[in-house]
Every structure is written in C-alpha cells, then in structure tokens.
Amino acid sequence: INQDLVTWLSLAIGVLGVGATVFLAFYVRPRPRIATQISTLQLLGQHAVLPKEIAFLFRDRTVPSVALSRVALWNIGNTTIRGDQIVSGDPFRLVTSIGSEILDAVVLKYTRQVNDVTCVVRQAGGNEIECRFDFLDPGDGALLQLIHTGNDQISAKGVLRGVPKGVLVIADPHKAMPQQQPPMSTRAAKVMGALVSLTGLLIAGMALAGLLPMGADVQILRVMGVL
C-alpha cells in the first residue's frame, strides 16, 4: 500500500474523529431549563370581563380587583431537574404585580403525580407563591391556578443550581411560542457522528485515489459543515 495514502488516511481519520467528538459533545450535553407560560383573565377591575355590578367577597371582605391566572411550568431541557437544585435563599416562585395579593393558589393538573409539584403562598397577604417539586424529567410539568388582586404582570423568579439560564417566561400564550430545538438522543447523535465520519473517510479516500479533482474533498466537507 502506498505510504502516502496510509498517511493521508490516518490524518483524515484523526481530523474526522475530533470533529465527530465535538459534534457528539455539543448535541448530548445536559441542557436543563424550566419554562413557564402565563395566561391571565381580569375578572374585576380595569379591563374586566365581568360587569362592574358583580362583587367578590374574600374572607368576608369585598375585593375590588380580581384576576385569574394560569401558569404552566415544565422542563424543556434534556436532563432531569431535582427539587434540591432550588436555592433556598432565592427559591423558585411566581410573583404578581406590586401591591397585589394572592387569594388562592392550587395545582390544577400535572404530568405525573410522582413529581410532587406544590405551590404555597409565601406569607399572608403576600403577592408571591413558592413552587416546589421532587423532580422534573424532560417534559414533566404542571398547571397552576392563581386568584389574585393584581393584573397580568406576573414574573417567575428564583435560582436553580445547574440551570444558569434561569426560567424562560412566555407571558402571552397567544403569541408564537419560541421554537425549542428538540434535544437529540444519544443514539441519534452517535449515528449522526458515525455517518459524518464515514462520509468524510469516503470523500478523503476518493480524493487520495484520484477519483475527485484536487481540492474537491475540502469543498464537499465545507458544504457539509465538517470543516
């Protein structure tokens, strides 16, 4: 076998091996992320959907402004998020507008009961609820319902260890939801990496055997995104 051919093939294998490793590392690396989507209906007060003649009583007192908000939260990442990742000094919570009061907060639905998603008003007359869970696998989540005296200005706050990007808040469900790139499975990434490597080796072999014009192999690899 021609020594130059062996040398070039060895070099091609090394380069493509590094490229495949980088490719696999990018697509299978853990990407934990929690998203929330919020929808609010103003029942009483400004922009209310009910007639102003209707009055609400809460604990024997009249409430002039009432809003009903539903908040969906779920794990949009590709790895499990554990409840102990929530930092106690800055817990995961939902906050209504300044000066408002959360009258009630419940978990309406959940993907799996074993996730143990709960929500608790942090203090009497407060405008924050603290959200807790045991764990959230990719795709796990829950639907929460808040009745409060605020408006549609609801924010998600808190810090989770290992989730540097924090909570993704989608305020208006009627707007187009950002397309999240679906996480590639480990098997799919390995197959893709193997295909890239085999294709590169085939192109390199054809070029060295004189079946491709000089420089054509480099151009093909560039088009494929390997180089």
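Guide: Let us start with contacts, where a contact means that heavy atoms lie within 4.5 Å. Keep in mind that this is a predicted model. Among contacts in the protein between residues at least 6 apart in sequence, 78% join residues at least 24 apart.

Visitor: How many helices and strands are there in the protein?

Guide: The protein has three helices and 13 strands. Five of the strands form an open sheet with mixed pairing, and their order is S7-S11-S4-S1-S13. Strand S7 (102-110) and strand S13 (167-170) are the edge strands, each pairing on one side only, while the twist from one strand to the next averages 20°.

Visitor: Which way do strand S4 and strand S11 run?

Guide: Strand S4 (residues 66-75) and strand S11 (residues 141-148) run antiparallel and are joined by eight bridges. Across this pairing, Trp74 stands opposite Gly141 in S11.

Visitor: How many disulfides does the structure hold?

Guide: In general, a disulfide is a covalent bond between the sulfur atoms of two cysteines. This structure holds zero disulfides, and Cys119 is in none, with the nearest cysteine sulfur, that of Cys131, 6.0 Å away.

Visitor: Are Cys119 and Cys131 buried or exposed?

Guide: Cys119 is buried, with a relative accessible area of 12%, and Cys131 also counts as buried, at 1% relative accessibility. Of the 227 residues in the protein, buried residues make up 34%.

Definitions and conventions
Residues numbered from 1 in each chain as written. Predicted model: local features only at pLDDT ≥ 70, side-chain atom pairs only at ≥ 80, totals over all residues. Heavy atoms only, no water. Disulfide = S-S within 2.5 Å. Buried < 20%, exposed > 50% of the residue type's maximum accessible area, 1.4 Å probe, protein only. Helix = DSSP H or I, 4+ residues; strand = E, 2+ residues; numbered from the N terminus. Pairing = 2+ DSSP bridges. Axes fitted to C-alpha atoms, helices over the stretch in contact; angles between N-to-C directions.
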